[in-house]
Amino acid sequence: MKFSYNWLRELIDTIETPASELGRLITMKTAECEAVEPFGAHLSTVCAARVLSVEPAGSGHNKKAVLDTGRFGRKTVVCGAPNCRSGITSAWVPPGTRLGTIGIETAAIDGVTSEGMLASGAELGVNRDAAGILEFEAAPGDPIPGCAPDQIIEIDNKAITHRPDLWGHHGLA
């Protein structure tokens, strides 16, 4: 069974123990912790960006979007999402960020230099929606609301099958 360290910290205000040490303590006192793995490290670099303007890029469906990324300044990206339009706030992925096995870099697309990308929830790994880029309310440059890098604590299912009190985040907390 997998548990989110961030979620456990929300349920228990007093946790100051790092995730790896918490995994060791769980093994010593409750059930065998098989692993503690990082999740969503890229979310530390992704930030909110307001789309200032949109115009066609090339002859296809791509659009040239000018963004206000707050602390990173104005950026231009090429976006193919159908919901990319002026005035929305979305998730900007800066060059140098890795989304799984894909490295995001500055690239020329349809004759426009794209400095990173605007991302869908599926591309960021925060949900399964790949129909368009994320839309939310936040100030440019802020982290994506409700999305932060996490550590996943994996506990051996065989060790907790006889402990229904541990069958979820509330029980483990």
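Modeller: Let us begin with a hairpin: β3 and β4 form one, with six residues between them, and Gly58 in the turn has a positive phi of about 70°. The names follow DSSP runs, numbered from the N terminus: helices are H or I runs of at least four residues, and strands are E runs of at least two. This is a predicted model, in which local features need pLDDT of at least 70 and side-chain atom pairs count only at pLDDT 80 or more, whereas totals for chains, interfaces and linings use all residues. Residues are numbered from 1 along each chain as its sequence is written, and side-chain values use heavy atoms, with hydrogens and water left out.

Biologist: How many bridges join β3 to β4, and in which sense do the strands run?

Modeller: Two strands pair if DSSP finds at least two bridges between them. Here six bridges join β3 to β4 (residues 63-68), and the strands run antiparallel. Within this pairing, Val51 has Leu67 as its bridge partner, and Val54 has Ala65.

Biologist: What is the strand order of the open sheet?

Modeller: The five strands are ordered β5-β4-β3-β6-β11, with antiparallel pairing. β5 (74-79) and β11 (117-119) stand at the edges with a single partner strand each, so one side of each lacks a neighbour in the sheet. The twist averages 50° from one strand to the next, where axes are lines fitted to C-alpha atoms, for helices over the stretch in contact, and angles run from 0 to 180 degrees between N-to-C directions.

Biologist: How is β6 joined to β3 and to β11?

Modeller: β3 (residues 47-56) and β6 run antiparallel and are joined by four bridges, with Cys47 opposite Trp92. On pairing with β11, β6 has three bridges, again in the antiparallel sense; Val93 stands opposite Met117 there. As a general idea, in a regular strand the side chains alternate between the two faces of the sheet.

Biologist: Is Thr97 buried or exposed?

Modeller: Buried means under 20% relative accessible area, exposed over 50%, and partly exposed in between (1.4 Å probe, protein chains only). Thr97 has a relative accessible area of 6%, and is therefore buried. This residue is found in the loop between β6 (89-93) and β7 (98-99).

Biologist: With what does the side chain of Thr97 make a polar contact?

Modeller: A polar contact is a pair of N or O atoms within 3.5 Å; within protein, one must be able to donate a hydrogen and the other to accept it, and residues adjacent in sequence count only if both atoms are side-chain atoms. The side chain of Thr97 makes one with the side chain of Thr45 at 3.1 Å, and reaches the backbone oxygen of Pro94 at 2.9 Å.
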